[in-house]
Amino acid sequence: MSEGLSQWDRFVESFLKIEVMIDYAPEIAYGFLITCQIAIAVVICGLALGITLAAIRAYNIAVLNIPIAIFVDAMRALPPLVFILLLYFGLPGVGISLSGFTVTWLTLTLVLAAFSAEIFRAGILATPKGQWEAARSTGLGFGQTLIWVVLPQAVRMTIPPLTNRTIAITKNTALGTVVGVGEILNQATTGQSFSGNASPLVLGALAYLILFVPVVSFGRWVETRFAWQRQ
Amino acid sequence: MTANAVLDIQELRKSFGSTEVLKGIDLEVLERELVFIIGPSGSGKSTLLRCCNRLEEPTSGRIFVGGEDITRRDVNLNHVRRGIGMVFQSFNLYPHMTAQGNITLALRKVLGKSRAESNDIALAKLEQVGLGDRGGAYPSELSGGQQQRVAIARSLALEPRVMLFDEPTSALDPELVGSVLKVMRDMREGGMTMVVVSHELQFAREAADRIVFMDAGEIVESGPPEQIFESSERQRTRDFVSRITRQ
């Protein structure tokens, strides 16, 4: 009998070949570090910029609100891949050439800033008017009230949508692969083409799980940690 | 203006759109006086109170606090508001801060006091409202009556010249009202100048120096509790008092 390999064996051969995985593990591990770097930089810068934009909008100054609103809507509407390609291939034409890493980081930071600005703004608007009044009646200024009274409540209120959005955008670090960033997906596809085997991709997928499952659980922990009963 | 008027409201008008809710209010509150404002809902009581620290912008008229015109265009509102304590119906404690944190925030950020000094003041004020042991509690861990007393302590900590109470007990379960009224009574005995909008007529009768009856944006009558509750010559006052005491 020479039917050759069974279906299952063939599946294991192309997706879960241990030798290939071991071969490419160092590259994937390197990609993991790069992805981590971009992800952390995106989360920190994106959320910081987002909350800043939301805070500026709270002042309700038209000259500032209009450009922010346009920025936010544009970044929410554009597919991040389009923006990455525009920056990476377009900017050198005007004498600015940014690395793939920088372009990926910048794009995702701006996208996260846009989405989180809207979420933070919703949180600020949802904070009861009485909180503003109580704080202002003790002599706190608008900015002080925003920083010490309203934003802490707005942030806590918006943690569930914020976590979701942050994870969804940070996963887009994989887009860096089209501009040559050596992150997880790039390493995995390179490994796949060299080995002619899908196992490096499976390893890449595992790396994403190892990176993002803790982030998801952290989000859940933050949610319960900062939840408090409404009055 | 009388020499020792802490709060002096002159010809105060306030409109929301085309609706005039305050139609020229004149009211003087003297030092150490407890003035009670009563009247049917929609009569403008709360709006009047809220104009006194400009949470509501008066349409016209002038308000003096300790002789300072707070309706002036160039007045430093944050500075003015330090001297005017405000207690709200819904307490409005900051839910993310402990009782102590609620009290120390303005001490530190507005008055620039150190953390240690602010904590000492907070503790003293909490003791004054009978909550010396609850400084570490979050608002969600306190009853409504306790929350309102923390809110009072928060205002008292800034040593205001006058305290405004906007229906301080309306959101409380009946059995918790007494604890808040007791604190208010203590404050009055301590010489605090107070303006209270409330439906606690029993308390008004015992504690108020003067009752102001408002209806439809006007002060109908003002006088000592006995006059308002027992011997008013105004039909509108008598109607209101009989309606509300029958309940």
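Predicted model: local features only at pLDDT ≥ 70, side-chain atom pairs only at ≥ 80, totals over all residues.
Reader: What percentage of the residues in chain A are buried?
Author: A residue counts as buried when 20 or more other C-beta atoms lie within 10 Å of its own. Of the 231 residues in chain A, the buried ones make up 39%.

Reader: Among contacts in chain A with a separation of 6 or more, what share comes from residues 24 or more positions apart?
Author: Two residues are in contact if their C-beta atoms lie within 7 Å. Taking the contacts in chain A with a separation of 6 or more, residues 24 or more positions apart account for 77%.

Reader: How far apart are the end C-alpha atoms of helix H8 of chain A?
Author: Helix H8 of chain A covers residues 159-170, which is 12 residues. At 1.5 Å a residue, H8(A) should span 16 Å. The model agrees, since the distance between the end C-alpha atoms is 16 Å.

Reader: Which helices do the buried residues of H8(A) pack against?
Author: The buried residues of H8(A) are A:Leu162, A:Arg165, A:Thr166, A:Ile169 and A:Thr170. Seen down the axis of H8(A), they fall within an arc of 125 degrees, so they line one face of the helix. The helices of chain A that these buried residues pack against are H2 (18-58) and H5 (100-126).

Reader: Which elements give two or more residues to the side of chain A that touches chain B?
Author: The contact takes 19 residues from chain A and 23 residues from chain B. On the side of chain A that touches chain B, the residues divide into 6 nonpolar, 10 polar and 3 charged. The elements of chain A giving two or more residues to that side are helix H6 (129-137) and helix H7 (142-157).

Reader: Where in chain B is confidence lowest?
Author: The model scores ipTM 0.94 and pTM 0.89. Chain B averages a pLDDT of 94, and 98% of its residues score at least 70. Confidence in chain B is highest in helix H3 (residues 99-109), at 98. It is lowest, at a mean of 87, in helix H9 (residues 235-246) of chain B.

How values were computed:
Residues numbered from 1 in each chain as written. Chains lettered and ligands numbered in written order. Helix = DSSP H or I, 4+ residues; strand = E, 2+ residues; numbered from the N terminus. Expected span 1.5 Å × (residues − 1). Buried ≥ 20, exposed ≤ 12 C-beta atoms within 10 Å, placed from the backbone. Arc of directions from axis to C-beta. Nonpolar A, V, L, I, M, F, W, Y, C, P; charged D, E, K, R; others polar. pLDDT = per-residue confidence, 0-100.
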